[in-house]
Amino acid sequence: MNSNIHPESEIAKNVKISSFCTIEKDVKIGEGTWIGPNVSICNGARIGKNCKIYQGAIISSDPQDLKYNGEKTKTIIKDNTTIREYVTINKGTKANIETIIGSNVLVMAYSHIAHDCIIHDNVILVNNSSLSGHVEIFEHAIIGGITAIQQFIKIGPYAYVSGGSLVRKDIPPFIKAAGAPLSYYGVNSIGLSRKNFNNNKINEINNIYRVMFQSNLNVTQAIKKINNEFKDSKEKKIIINFISNSKNGILKR
């Protein structure tokens, strides 16, 4: 098949590998995965079952971090994830050891995921998304095309970031972020309804964010008001925990 596959790599029997691929020594690939042509899978890659990696992708290459000194680190890609054409994913550094891509993730063409990022399950990165080091994106978030995300940023679950954005602040759960500078553009109601959130739950989330972004309170005051005036719920807890633990600060209204 004209591919360069190291004999000590661990590849399940039913993995399909196309022509002109390079698979290095310290690589493990799970059952049912398909590797397209001209893919490079470098040392430290751990790829799960039933993944698809399209032509030209480079997985687990060395971090673009001047502090990296060749230490043994990993890139973990979990089951049923799709990596499209010419995506680049760097392995971790000694800071976190691993770059992690969850299950059922779609990374579209030409996107870049830098060292030590964590992408949770069911995330979509649209074409040309660019993630700096240590970014964390939580489950079911969608990142629009040609979006650049600054290092150490966190994006909450079910958030939607519009295409062409520059993300310098944390983006809380369940919301839409758009504009320049990037701002709160309401709750991601359509996305939530598609994920089977009912109208009552969406209204609750809307009301929480009205207090956070439309009441002329600072973040500390808004959190206190939300805790006092809203019944406890899973979604309230997710929102409060995310905002309370934000080290970068959240985007503005």
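**Sheet strands and a helix pair in a predicted model**

Q: Which residue in S17 stands opposite Ile 100?
A: Strand S14 (residues 98-101) pairs with strand S17 (residues 118-119) in the parallel sense, over two bridges. Across from Ile 100 in that pairing sits Ile 118.

Q: What is the bridge partner of Ile 58 in S13?
A: Let's come at S10 (residues 58-61) from S7 (residues 40-41): these two pair in the parallel sense over two bridges, with Ser 40 opposite Ile 58. S10 also pairs with strand S13 (residues 88-90), again parallel, over three bridges. On the S13 side, the partner of Ile 58 is Thr 88.

Q: Are H2 and H4 roughly parallel or roughly antiparallel?
A: The axes of helix H2 (residues 199-214) and helix H4 (residues 234-244) come within 10 Å and cross at roughly 30 degrees. Angles under 35 degrees count as roughly parallel. So H2 and H4 are roughly parallel.

Q: How many charged residues does the contact of H2 with H4 have?
A: On the H2 side, the residues meeting H4 include Ile 205, Ile 208 and Met 212, while H4 brings Ile 239 and Ile 243, among others. By class, the contact has six nonpolar residues and no polar ones, and the charged residues number four.

How values were computed. Residues are numbered from 1 along each chain as its sequence is written. This is a predicted model: local features need pLDDT of at least 70, side-chain atom pairs count only at pLDDT 80 or more; totals for chains, interfaces and linings use all residues. Side-chain values use heavy atoms; hydrogens and water are left out. Two strands pair if DSSP finds at least two bridges between them. Helices (H or I, at least four residues) and strands (E, at least two) are DSSP runs, numbered from the N terminus. Axes are lines fitted to C-alpha atoms, for helices over the stretch in contact, and angles run from 0 to 180 degrees between N-to-C directions. Angles under 35 degrees count as roughly parallel, over 145 as roughly antiparallel, 65 to 115 as roughly perpendicular and the rest as oblique. Contact means heavy atoms within 4.5 Å. Ala, Val, Leu, Ile, Met, Phe, Trp, Tyr, Cys and Pro count as nonpolar, Asp, Glu, Lys and Arg as charged, and the others, Gly among them, as polar.
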